[in-house]
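Hi everyone, thanks for coming. Today I'd like to walk you through some aromatic rings, so let's bring the model up on the screen.

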Amino acid sequence: MARKTIPEKEERDPLALFIKKSSILTQKYFKPVLIMVISGLLIFGFFLFYFYWQKKENKKASDFLYQARKELIIAEQKAGGDIMSMDSGKNFFGQIKKAEYSAEMDQSSQKYISVIKKWISKPAGLSAAVEMAHFLYQYKKKEEALNLLDAAKPYLKRNLIGFIAHFQLGTYLMNKGKYEEAIKSFQFIVNEKKAQWFWPEALLNIALCYEERGKQNQAEETYKKIKDQFLDTKAGDKAVRYLNLMKVQNKKTSQYNKGR
């Protein structure tokens with residue numbers, strides 16, 4: 001019978017065994033781990049560069065947009081307006097300050113719009129598009145306002161600017177009689193939890209669009225939803241009034257049908 005040999009001391013030492021196993025694993029996986037680390041650093045570096053580049057591009061957009069906006073403000077002031085008439089055409093004292101839409105204003109507007117469209121994919125460009133659409137609408141340039149918001153749509157995100165732009169677009173489409181398209185814009189807001197503060201007005205406009213389309217049942221359901229969930233808002237007050245009007249109208253229609 002062969003005599004068993006006693007293992008060497010270092011082979012029985014846990015620390016020595018751990019070092020030995022670690023050395024084997026390092027040799028086996030060194031290259032894959034190194035590749036993963038280098039790849040991670042490259043990806044991280046790419047994202048850092050991308051965000052830096054985006055920030056730089058947005059700064060460049062802001063500079064160009066600021067200059068073009070400044071020219072439009074000067075043109076409006078020359079025509080008697082007050083800083084792009086952003087306050088519904090009125091100043092602090094409620095005086096009308098909206099200018100007559102002059103040729104110089106039109107020229108400056110077109111220049112500003114072209115700059116906005118060039119940089120519309122950047123946050124600064126989107127903000128400028130929303131503001132400029134409102135400005136154009138104030139001066140009854142409704143088609144230009146709609147076209148500008150349509151150009152912005154592919155770049156709108158689920159954030160404040162995106163919600164405001166969709167609400168604007170929905171309002172302009174509703175005023176133009178394009179109710180189905182308007183409902184889609186308002187529905188974009190209603191589907192987003194982050195836009196909860198916009199829901200009452202968006203739902204109210206959806207209900208009004210349904211009424212205009214002759215969809216009385218859907219309109220009534222939407223008014224009731226506003227009443228149940230947003231009674232303490234202005235939209236809630238309006239929804240209650242519209243529901244009462246619908247009841248009166250339905251009663252008159254029912255009486256008329258009985259009397260025939």
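Let's start with a charge and a ring: the charged end of lysine 118 sits over the ring of phenylalanine 64, 5.8 Å from the ring's centre. Please keep in mind that this is a predicted model.

Now a quick look at the whole protein. We have 10 helices and 0 strands here. Of the 260 residues, 34% count as buried.

Back to the rings. The count comes to 9 aromatic pairs in total. How do we describe such a pair? We use the distance of the centres and the angle of the planes.

Take phenylalanine 64 and tryptophan 119: their ring centres are 6.0 Å apart and their planes stand at 15 degrees, so this pair is stacked. And where do the two residues lie? Phenylalanine 64 is in helix H2, while tryptophan 119 is in the loop between helix H3 and helix H4, so the pair ties together parts that are 55 residues apart in sequence. Phenylalanine 64 counts as partly exposed, at 45% relative accessibility, whereas tryptophan 119 counts as buried, at 9%.

Next come phenylalanine 135 and tyrosine 139. Here the centres are 5.1 Å apart and the planes are at 55 degrees, so we call the pair tilted. Phenylalanine 135 is buried, with a relative accessible area of 0%, and tyrosine 139 is buried too, with 8%.

One last stop: which residues form one aromatic cluster? They are Phe167, Phe186, Trp197 and Phe198.

Key. Residues are numbered from 1 along each chain as its sequence is written. This is a predicted model: local features need pLDDT of at least 70, side-chain atom pairs count only at pLDDT 80 or more; totals for chains, interfaces and linings use all residues. Side-chain values use heavy atoms; hydrogens and water are left out. Helices (H or I, at least four residues) and strands (E, at least two) are DSSP runs, numbered from the N terminus. Buried means under 20% relative accessible area, exposed over 50%, partly exposed in between (1.4 Å probe, protein chains only). Rings of Phe, Tyr and Trp (its six-membered ring) pair if their centres lie within 6.5 Å; planes under 30 degrees apart count as stacked, over 60 as edge-to-face and the rest as tilted. A charge sits over a ring if NZ of Lys or CZ of Arg is within 6 Å of the ring centre and within 35 degrees of the ring normal.
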